[in-house]
Amino acid sequence: MSVTAVLSHCRMTVKSIEAGFDLQWAFDWSNELHHRDQLHKMWPLLSEQEQSRWQPIRSRWDERFRAATAPMQNPDAAVRQDDRWWQDRYPLRVTGEPDQKLPPLWSPPPINLDAS
């Protein structure tokens with residue numbers, strides 16, 4: 001997959017999270033971050049010129065992701081051997097059943113847009 005395609009998927013994921021992440025997929029949250037993981041793996045394989053070209057776009061979507069998420073409480077960072085910081089965050093806004101069980105590290109609970 002090309003950098004353009006992976007960044008496009010990252011962009012769509014961030015927009016989806018900003019709109020409110022569907023709680024039915026809460027326990028599959030790390031799967032939602034698959035394309036950001038792909039970008040992380042391919043980044044060192046890019047030339048310096050390519051990295052310079054794509055860095056502003058990557059940074060913009062990373063910042064939006066940070067704004068739409070919060071850091072997990074006590075993530076298992078000791079096990080993680082790399083700098084995949086996005087894996088240690090959860091969405092701030094969700095949709096779905098108000099009594100839906102959440103992953104234990106999602107604390108405090110995100111704002112449920114359907115719980116009014």
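Mentor: A residue counts as buried when its relative accessible area is under 20%, as exposed when that area is over 50%, and as partly exposed in between. Please keep in mind that the model we are discussing is predicted.

Trainee: Why is Asp37 called buried?

Mentor: Asp37 has a relative accessible area of 12%, and the cut-off for buried is under 20%, so Asp37 counts as buried. Asp37 is found in helix H3, where the buried residues also include His35, Arg36, Leu39, His40 and Met42.

Trainee: What covers the buried residues of H3?

Mentor: The cover includes H1 and H4. For Asp37 itself, once neighbours within four places in sequence are left aside, the contacts are with Arg84, Trp86 and Gln87.

Trainee: What makes the pair of Arg84 and Asp37 a salt bridge?

Mentor: The rule asks for a side-chain nitrogen of Lys or Arg within 4 Å of a carboxyl oxygen of Asp or Glu, and the closest N and O atoms of Arg84 and Asp37 are 3.2 Å apart, so the pair meets the rule. By this rule the count comes to five salt bridges.

Trainee: Are Glu63 and Arg66 buried, exposed or partly exposed?

Mentor: Glu63 has 47% relative accessibility, so Glu63 counts as partly exposed, and Arg66, at 32%, is likewise partly exposed. Not counting residues up to four places away in sequence, Arg66 touches Trp85 and Arg89.

Trainee: What makes Arg53 and Glu50 a salt bridge?

Mentor: The N to O distance between their side chains is 3.7 Å, and with the limit at 4 Å the pair of Arg53 and Glu50 therefore qualifies. Arg53 and Glu50 both lie in helix H4, three residues apart, which is about one turn of the helix. Glu50 has a relative accessible area of 27%, so Glu50 is partly exposed.

Trainee: How do you know which residues of H1 and H3 meet?

Mentor: Contact requires heavy atoms within 4.5 Å, and by that test Val3, Val6, Leu7, His9 and Cys10 in H1 meet His35, Arg36, Gln38, Leu39 and Met42 in H3. By class, this contact has six nonpolar, three polar and one charged residues. The axes of H1 (residues 3–19) and H3 (residues 34–42) come within 8 Å and cross at roughly 145°, and the crossing is left-handed.

Trainee: What makes the peptide bond from Ser107 to Pro108 cis, and where is Pro108 placed?

Mentor: The omega of that peptide bond is near 0°, and the bond is cis. Pro108 is placed in the loop between strand S4 (93–95) and strand S5 (111–112).

Definitions and conventions. Residues numbered from 1 in each chain as written. Predicted model: local features only at pLDDT ≥ 70, side-chain atom pairs only at ≥ 80, totals over all residues. Heavy atoms only, no water. Axes fitted to C-alpha atoms, helices over the stretch in contact; angles between N-to-C directions. Helix = DSSP H or I, 4+ residues; strand = E, 2+ residues; numbered from the N terminus. Left-handed = near helix turned anticlockwise from the far one by under 90°. Nonpolar A, V, L, I, M, F, W, Y, C, P; charged D, E, K, R; others polar. Buried < 20%, exposed > 50% of the residue type's maximum accessible area, 1.4 Å probe, protein only.
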